[in-house]
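Biologist: I'm new to reading protein models. Could you walk me through this one, feature by feature?

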Amino acid sequence: MISIIIPTLNEARYVRKTVLHLLNVATDKSNLEVIIVDAGSTDGTGQTVNDLPVQLYEMPEFALKKHASLNYGAEKAKGEMLLFLDADTLLPKGFDKMILSAFKRPKIIGGAFEFAFDRPDWKLWIISVGNRIRYRFGKVFYGDQAVFLRKKPFDDVGGVPNEPLMETAFLCRRLSKVGKLALLRPGIRTSPRRFQEHGFFKVLWFDLNMFIRFNLGIPVSPYAEKYWSKNLTD
């Protein structure tokens, strides 16, 4: 079984579409469970999925702590494989079969999907190309790439690190020390809402700053409050 864990905080505009889409493109829905961990939404996020085959956990104490939502979802998961999915990210057709095939390869303990935005735009294309170059060299994947892994190595490395930003990047860094991570294609399609709502160059500069700090070992946590204050109602 693959346990799909979706952390949410004011995602009423996106999460229903994301769940319906993944159920539609899965090869075998009976081999999936969908877990939504909601960190105190005020926009009715949970109500939008009440009629869908999901497990919904209301955990307002996890606000601004995405890592806590992911770890809690993993704790509740029954599957031996975990998939961390952002609420505004759409999986490719047959994603479950792709993951199962990846795990047949030697030493593969997890991975992620190729990155792309869900609409054409030359500036977004530049971001996509930059991302693809970045993670091909470092095999450090971000949360909007639908990171997947086996549950045992996840537990072995201590779960998602207690980091308020770039939590899956820190997780991948841990995982790469105990096994190999795969990159799957075709990839995901994610929303460019941050760039659209907060300004392309402002978001680009912020993301570059976080990337540089992460790779130099400089804490990114001082920027968490700024990040979440801008993105709580996206």
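**Reading the model**

Modeller: Let's start with arginine 193, which is buried because its relative accessible area is 8%, where buried means under 20%, exposed over 50% and partly exposed in between, with a 1.4 Å probe and protein chains only. Do keep in mind that this is a predicted model: local features need pLDDT of at least 70, side-chain atom pairs count only at pLDDT 80 or more, and totals for chains, interfaces and linings use all residues. Residues are numbered from 1 along each chain as its sequence is written, and side-chain values use heavy atoms, with hydrogens and water left out.

Biologist: Where is arginine 193, and which side chain does the side chain of arginine 193 contact?

Modeller: Arginine 193 belongs to helix H7 (residues 193–198); helices (H or I, at least four residues) and strands (E, at least two) are DSSP runs, numbered from the N terminus. Its side chain makes a polar contact of 2.8 Å with the side chain of aspartate 88. A polar contact is a pair of N or O atoms within 3.5 Å; within protein, one must be able to donate a hydrogen and the other to accept it, and residues adjacent in sequence count only if both atoms are side-chain atoms.

Biologist: How do I read a salt bridge, and how many does a search of the whole structure find?

Modeller: Look for a side-chain nitrogen of Lys or Arg within 4 Å of a carboxyl oxygen of Asp or Glu. The search finds 13 salt bridges. One of them joins the side chains of aspartate 86 and lysine 66 at 2.9 Å, N to O. Aspartate 86 sits in the loop between strand E4 (81–84) and strand E5 (89–90), while lysine 66 is in helix H2 (residues 66–76), 20 residues apart. Lysine 66 also meets glutamate 167 in a salt bridge, at 3.6 Å, N to O. Glutamate 167 lies in helix H6 (residues 167–175) and lysine 66 in H2, so this pair ties together parts that are 101 residues apart in sequence. Both lysine 66 and glutamate 167 are buried.

Biologist: What about a salt bridge inside one helix?

Modeller: An α-helix has 3.6 residues a turn, so residues three or four places apart point the same way. Aspartate 156 and lysine 152 are four residues apart in helix H5 (residues 151–156), which means about one helical turn separates them. Their side chains meet in a salt bridge of 2.9 Å, N to O, and aspartate 156 and lysine 152 are exposed.

Biologist: And how many aromatic pairs does the structure hold?

Modeller: A pair of aromatic rings is described by the distance of the centres and the angle of the planes. Rings of Phe, Tyr and Trp (its six-membered ring) pair if their centres lie within 6.5 Å; planes under 30 degrees apart count as stacked, over 60 as edge-to-face and the rest as tilted. The structure holds 13 such pairs. Among them, phenylalanine 206 and tyrosine 223 are edge-to-face, 6.2 Å centre to centre with 75 degrees between the planes. Phenylalanine 206 is in helix H8, and tyrosine 223 is in the loop between H8 and helix H9 (224–231). Phenylalanine 206 counts as buried because its relative accessible area is 11%, whereas tyrosine 223, at 24%, is partly exposed.

Biologist: Which residue takes a positive phi just after H8?

Modeller: That's glycine 217, with a phi of about 80 degrees. Asparagine 10 has a positive phi too, of about 60 degrees, although it is not a glycine.
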